[in-house]
Amino acid sequence: MSDDKGLICAYLMDGAGGGSRLDWQGVEAWNEDQGVLWVHLDRTEIESRRWLREDSGLQPEIIDSLLAKGSRPRAMAVGDSLLLYLRGVNLNVGEDPLHMVSVRMFASASRIITVRRQHLMAVKDVQDAIERGEGPSDPAQFLVHMAAALTDRMHPMLSELQDELEQLEDEMEDLNYGASKPRLAHIQRQSIELRRYLAPQRDALRFLCETDIEWLRRANHLRLYGIVDQITRYVENLDAGKEQALVLHEQISDTLSEKMNRNMYLLSVLAGIFLPLDFVTGLLGVNIGGIPGTDSHWGFPLLLILLFSFGAVLIMMFHRFEWLRPIQRASGR
């Protein structure tokens, strides 16, 4: 090929953590005797698709799987090779981290092929490690390095999600409950979306620990099991956070419902006091003859005394039947 379009990077590993970078010509000229080859491709480019279909030597089913539009994290053995689909948080500028980026890998004892559509920082971490001479020395270690980089990149976002939930819980008494419900709903959506990929990713990595592929047995299984355990903790924290958000949501709903019920009860009590008074004043205020006290200067004062007395009797009756007790409890008395 005349240029490296579609080829993000390619390395011929030296077996000691480093490697030499290759272009398309170097990739096409590679053979197994030279060492382990890692080829990282942009699956949206025509050159990458052409190389996979014509020059990679992979089975058509494997190529179709690598180029498929959508995939969830999973792992499967294909003879003595491995297909592994993982996802990492989207740390690209202007992108939502929840739209996790997929990286698909084909690995054998002598070659690794990875493809992606969007830039993934975890892949860059592995590339930088190889440039420093601190990268993987074989395909088994490459899978461990990639899984570790993807998992480590998730930690800040998951910690931020947990901190936001704890902050919301601590500030619950000072917040506007109506305004906090959308924040809780957003946290719940984030937890569900992240768990959707983390749970199968944990199972895919556990498969690497249990597979019988000979070259993969050389991997550092202790570290791989540690990565699986780390993702398991992430999943458990997401489940706990989702339940915590649900409890807070119910607490807010109960508080708002209690406020509304208290206000409605207060309005009912006020209506029970003032409706009879309104009826009396309305009856005495009709513009017809025969209303007592209309010709006396003492009529209006006597009416006020009558109304205040009637109101006092109603309040005493409400107190006697303990109809005011819910209002007193709500106000803390």
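Hi everyone, let's start with one side chain: that of Thr 211 reaches the backbone nitrogen of Ile 213 at 3.5 Å. Before going on, please note that this is a predicted model, where local features need pLDDT of at least 70, side-chain atom pairs count only at pLDDT 80 or more, and totals for chains, interfaces and linings use all residues. Residues are numbered from 1 along each chain as its sequence is written, and side-chain values use heavy atoms, with hydrogens and water left out.

So where does Thr 211 sit? You'll find Thr 211 in the loop between α6 (177-210) and α7 (221-284). Its relative accessibility is 10%, so Thr 211 counts as buried (under 20% relative accessible area, using a 1.4 Å probe and protein chains only).

Now to a strand. Ser 102 belongs to β6, residues 101-107, and is buried too, with a relative accessible area of 11%. Leaving out residues up to four places away in sequence, Ser 102 touches Ser 71, Leu 86, Arg 87, Val 115 and Arg 116, where contact means heavy atoms within 4.5 Å.

Last, a pair of helices. Which residues of α4 meet α5? Met 121, Ala 122, Val 123, Asp 125 and Val 126 in α4 meet Phe 142, His 145, Met 146, Ala 149, Leu 150 and Arg 153 in α5. By class, this contact has eight nonpolar, one polar and two charged residues (Ala, Val, Leu, Ile, Met, Phe, Trp, Tyr, Cys and Pro count as nonpolar, Asp, Glu, Lys and Arg as charged, and the others, Gly among them, as polar).

Notes. Helices (H or I, at least four residues) and strands (E, at least two) are DSSP runs, numbered from the N terminus. Buried means under 20% relative accessible area, exposed over 50%, partly exposed in between (1.4 Å probe, protein chains only). A polar contact is a pair of N or O atoms within 3.5 Å; within protein, one must be able to donate a hydrogen and the other to accept it, and residues adjacent in sequence count only if both atoms are side-chain atoms.
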